[in-house]
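Open the structure in your viewer and keep the selection tool at hand. The stops below say what to select next and what is there.

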Amino acid sequence: MAATATGSEAAAAAGSSHPATGQSGERGFALLAVAPAALIVFLLLLVPILGALVISFFKTDGVTARFVGLDNYASILTDRLVHAVFLVNLQFLIAVPLVLAVATLCGVLLYEKVLGWRFFRIVFFIPSVLSTAVIGLMFKSTFAYDGPVNSLIVAAGGAPVSFFSTATLGVAVIILALVWSGFGYATLIILAGLSSIDREVFEAAELDGASWWQRLWTITLPQIRRVLMFVSVINVIYTFTSLFGFVFVMTAGGPGYSTTTLDYLIYTKAFSSADMGSGSALAILVFGLIGLLTLLQARVARSKAD
Amino acid sequence: MAAVTSKSGRIPPFVTLLLLAITTLYPLGFVASTSFRHKADYLRAPYRWPESWSLDNYVRLIENYDVGRAFINSALVIGVALAVTLVLATLASYAIVKLDLPFRRVFAGSFLSVMLVPSQVLIIPVYLLLSYFRLVDTLPGVTLVYIATNLPFAVFFMMTVMRSVPDVLIEAAKMDGAGPLRTLIDIVVPILRTSILTLAILVFLAMWNELIFGLILLPSEANNLLTPKMASIGGRFVSNQPILMSGLMLTSLPPIIVLTFLSKYLVSGIAAGLGK
């Protein structure tokens with residue numbers, strides 16, 4: 001943002017310094033060029049966001065509406081179901097260190113330019129381009145009662161496990177899907193971070209006789225700590241915004257509410273219980289939480305860099 | 001790490017990466033091969049190589065579940081939405097970065113401020129807005145929503161790359177008497193064409209994999225898009241793996257084709273996106 005501001009100020013200064021003949025024509029064209037995008041974003045994003053804020057103060061099913069002030073917020077913040085769902089959501093944070101660990105491993109190994117590293121880089125990225133619905137269905141059928149995992153368990157002499165009818169196992173399978181789908185993207189970011197380190201740093205350490213592990217812990221990882229922080233931030237945010245597809249196709253939030261996440265709850269609240277007001281209030285609160293996380297983590301990343 | 005110097009030292013990293021690659025490739029290979037075999041053949045030996053190959057699962061999926069229609073809907077909606085998003089984002093970023101635009105900072109700030117809004121916040125008010133204009137359950141309605149939700153990132157991306165275009169070139173075109181639109185088409189767009197391709201890939205993937213708006217804004221069967229459709233009917237096929245796998249194949253094929261042929265642009269875009 002700061003860069004944008006200074007850049008545009010400089011450009012504005014440059015623009016006013018030479019009053020060329022076509023100046024007013026250019027201004028007119030510039031307004032015309034930005035207008036369609038601005039209009040669409042205003043009507044379909046800014047107005048709805050303000051709309052969500054307004055709706056959150058009403059009790060409404062979309063047809064009738066009654067102003068209730070902060071009641072929706074109060075009832076959400078005291079709702080035991082919301083508390084439970086929030087705790088469910090926190091369980092998915094286990095995926096963040098897992099993604100970070102796998103992606104760091106992959107990034108560091110790819111950086112060594114072992115045979116076929118370009119191929120591996122693309123292969124790891126495949127899950128990242130697939131829909132969460134596709135990945136969710138793959139995991140659902142893999143861990144189904146008569147699916148491949150259970151036939152392996154049976155072949156090994158065990159009894160088949162009903163993965164999606166227990167809370168813990170359901171959450172575990174979704175976490176596995178989350179890690180599988182996300183580590184490739186994180187790997188690419190970490191690899192890009194590693195590539196920007198000055199190679200001389202490593203060469204100096206090697207001359208000092210530092211072992212591979214010593215170099216990893218004392219040089220490589222500290223050098224990319226901002227990148228690792230960035231990867232953590234986006235993955236924390238994913239656990240609050242991107243679980244909808246997995247939950248939708250794998251468990252529909254069950255058994256009970258044991259795999260219901262905040263984003264899935266907003267969906268069910270808004271369109272199953274005909275109470276758009278409290279759905280909107282919940283959406284606004286989740287949005288606030290995500291915004292807060294983003295700011296907090298950005299600050300941590302900056303202070304660490306200094 | 002110019003670390004592993006000896007030849008033998010390179011083997012453990014290679015083996016680790018190979019194992020990880022297998023955890024990615026094996027499930028995909030399983031999906032692909034299963035999608036071409038009969039249910040009976042699959043049930044006899046799920047992990048053995050298929051005895052016979054056929055397209056029956058795909059035919060059944062398309063005939064009985066109108067999946068072909070969903071594919072065409074997706075292609076239409078995303079084709080239009082992607083093209084409009086790219087054109088509008090290019091025009092807007094050009095005006096913001098390179099032209100003498102009044103209220104420049106207001107425009108730039110507005111696009112950036114809505115970039116991180118998650119779709120859950122939008123579903124209820126967007127649904128109400130579209131129903132007011134009678135656009136719920138219409139393809140133009142969801143096309144508009146896809147354009148709107150992808151524009152902020154697209155404008156941000158284009159603003160970033162637009163700064164790399166030398167002002168000298170634009171000034172020179174101006175001296176030659178070219179208007180701003182001519183300069184954009186003849187000078188700026190050719191310079192930025194690989195960046196625009198990268199953006200096109202990122203926006204395509206986002207639109208193709210979108211779920212919530214597709215589910216909510218297009219409830220009737222005839223209007224379904226492919227990914228939301230598979231998400232809602234996929235659960236029914238858990239007892240018929242081969243047909244489910246053919247559905248997953250159809251849904252993943254476009255992103256995988258894009259990744260296969262255009263990975264260079266995608267990877268460079270992601271690496272560059274971090275530099276911010």
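In which loop of chain A does A:Ala252 lie? Select A:Ala252: it sits in the loop between H13 and H14 of chain A. Helices here are DSSP runs of H or I with at least four residues, strands are runs of E with at least two, and both are numbered from the N terminus.

Before going on, note that this is a predicted model, in which local features need pLDDT of at least 70, side-chain atom pairs count only at pLDDT 80 or more, and totals for chains, interfaces and linings use all residues. Residues are numbered from 1 along each chain as its sequence is written, chains are lettered from A and ligands numbered from 1 in the order in which they are written, and side-chain values use heavy atoms, with hydrogens and water left out.

**The loop in chain A**

Most residues other than glycine have a negative phi, and most peptide bonds are trans. A:Ala252 is not a glycine, yet its phi is positive, about 50 degrees. A:Ala252 is partly exposed, at a relative accessible area of 48% (buried is under 20%, exposed over 50%, partly exposed in between, with a 1.4 Å probe and protein chains only). Next select A:Pro255, in the loop between helix H13 (244-250) and helix H14 (262-272). The peptide bond from A:Gly254 to A:Pro255 is cis, with omega near 0 degrees.

**A loop in chain B**

Move to B:Asp66, between helix H3 (56-65) and helix H4 (67-98) of chain B. B:Asp66 has a positive phi, near 55 degrees, and is partly exposed at 32% relative accessibility.

**Between the chains**

Show both chains. The contact (heavy atoms within 4.5 Å) takes 98 residues from chain A and 96 residues from chain B. There are two salt bridges between chain A and chain B, a salt bridge being a side-chain nitrogen of Lys or Arg within 4 Å of a carboxyl oxygen of Asp or Glu. Select B:Asp100 and A:Arg27, which form a salt bridge with their closest N and O atoms 3.5 Å apart.

Which residues of chain A does B:Phe111 touch? Leaving out residues up to four places away in sequence, B:Phe111 touches A:Val34, A:Ala37, A:Ala38 and A:Val41, and its contacts in chain B include B:Ile96 and B:Val155.

**Helix H3 of chain A**

Finish at residues 71-78 of chain A, helix H3, whose buried residues are A:Asn72, A:Tyr73 and A:Ile76. Down the axis of H3(A), these buried residues fall within an arc of 95 degrees, so they line one face of the helix; the arc is that of the directions from the helix axis to the C-beta atoms.
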